[in-house]
Amino acid sequence: RAKGLYDKSFIIITSDHGQLLGEHDKFNHGGALYNGVIKVPLMIKTPFQRKPKKKIIPLMLTDLYKNIISMSKLSFPDKSSAKICSDNASFLVSEVNGKHVGGKNLAIFSGRYKYMFYKHWITPKLFDIETDPGETINLANRLPAVKREMELKLKNWQVAYPFLAVDAERTAPLSEDTLMNLKALGYIK
């Protein structure tokens with residue numbers, strides 16, 4: 001404000017991940033796709049916005065750049081899975097890859113359901129996040145039709161956006177500097 005930049009600026013506050021603090025017997029964020037890790041705050045002040053508005057809209061962090069560019073009235077590349085914010089997103093995908101998590105872990109949200117597939121799990125997990133927001137009751141065996149529908153949506157997403165669905169085995173090794181930085185941040189030991 002002192003420099004006259006506040007009114008005409010976007011101010012965006014978010015996080016790349018949350019943290020589990022004992023939920024699901026975990027005390028970290030590495031590889032987990034439970035809501036405590038993947039649901040993060042997002043606050044956006046748009047240029048010349050006068051009054052705050054609160055709206056809860058499901059959004060993937062990969063959608064963030066497309067929404068900022070759209071709000072800025074700029075064009076963006078067509079080859080992007082990113083979506084513009086809407087109240088009727090058909091589904092959202094979250095993923096984490098890496099040897100430290102056993103490969104590729106995926107979660108998809110669609111309607112009231114969340115489906116989680118971890119490469120090293122024998123049984124995927126399906127949660128009704130409206131009635132079970134703590135993700136404690138696995139419905140995968142009780143709702144096989146919903147499980148199949150979620151698997152199909154996830155498979156279709158991976159086919160549509162193969163450049164986002166990267167296998168950990170196909171990624172290039174990290175440089176020594178990158179490894180040191182990740183260790184300093186506590187991401188790896």
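Author: Gladly. A residue is called buried under 20% relative accessible area, exposed over 50%, and partly exposed in between. Please keep in mind that this is a predicted model.

Reader: Then why is Glu-151 called partly exposed?

Author: Its relative accessible area is 27%. Buried needs a value under 20% and exposed a value over 50%, so Glu-151, at 27%, counts as partly exposed. The residue lies in helix α3.

Reader: What makes Glu-151 and Lys-147 a salt bridge?

Author: The closest N and O atoms of the two are 3.9 Å apart. The cut-off is a Lys or Arg side-chain nitrogen within 4 Å of a carboxyl oxygen of Asp or Glu, so the pair qualifies. Glu-151 and Lys-147 are four residues apart in helix α3, which means that about one helical turn separates them. Lys-147 has a relative accessible area of 21%, so it is partly exposed.

Reader: Which other pairs pass that test, and how many salt bridges are there?

Author: The whole structure has six salt bridges. One of them joins the side chains of Asp-7 and Arg-50, at 3.6 Å from N to O. That value is within 4 Å, so the label holds.

Reader: Why say that Asp-7 and Arg-50 link distant parts of the chain?

Author: They are 43 residues apart: Asp-7 sits in the segment before β1 (11–14), and Arg-50 in the loop between β2 (42–45) and α2 (61–71).

Reader: Are Lys-114 and Glu-135 buried or exposed?

Author: Both Lys-114 and Glu-135 are buried. As a general point, side chains of opposite charge can pair when their charged atoms come close. There is also a network of salt bridges that links Arg-112, Asp-128 and Glu-130.

Reader: What makes β5 an enclosed strand?

Author: Five of its six residues are buried, so β5 is largely enclosed by the rest of the structure.

Reader: And why are β5 and β6 called paired strands?

Author: Pairing needs at least two bridges, and β5 and β6 have four, in the antiparallel sense. The two strands form a hairpin with six residues between them. Within this pairing, Tyr-115 stands opposite Leu-126 in β6.

Reader: What does Tyr-115 touch?

Author: Leaving aside residues up to four places away in sequence, its contacts include Leu-106, Ile-108, Pro-124, Leu-126, Lys-147, Met-150, Glu-151 and Leu-154. The C-alpha atoms of Tyr-115 and Glu-151 are separated by 7.9 Å, although the two are 36 residues apart along the chain.

Reader: Which residues of the largest nonpolar core touch the most other members?

Author: They are Val-93, Ile-108, Tyr-115, Leu-126, Met-150 and Leu-154, out of 16 residues in that core. At least two residues each come from β3 (92–98), β4 (103–110), β5 (113–118) and α3 (144–160). Helix α3 gives the most, with four residues. Apart from this core lies another, of nine residues, including Leu-33, Ala-107, Met-116 and Tyr-118.

Reader: Finally, what does the whole chain look like?

Author: The protein chain has four helices and six strands, in the order β-α-β-α-β-β-β-β-α-α from the N terminus on. Of its 189 residues, 29% count as buried. The chain exposes about 12700 Å², and carbon and sulfur atoms supply 57% of that area.

Key
Residues are numbered from 1 along each chain as its sequence is written. This is a predicted model: local features need pLDDT of at least 70, side-chain atom pairs count only at pLDDT 80 or more; totals for chains, interfaces and linings use all residues. Side-chain values use heavy atoms; hydrogens and water are left out. A nonpolar core is a set of buried Ala, Val, Leu, Ile, Met, Phe, Trp, Tyr and Cys residues joined through side-chain atoms within 4.5 Å. Buried means under 20% relative accessible area, exposed over 50%, partly exposed in between (1.4 Å probe, protein chains only). Contact means heavy atoms within 4.5 Å. Accessible areas come from the Shrake-Rupley method with a 1.4 Å probe; for residues, only the protein chains shown count as cover.
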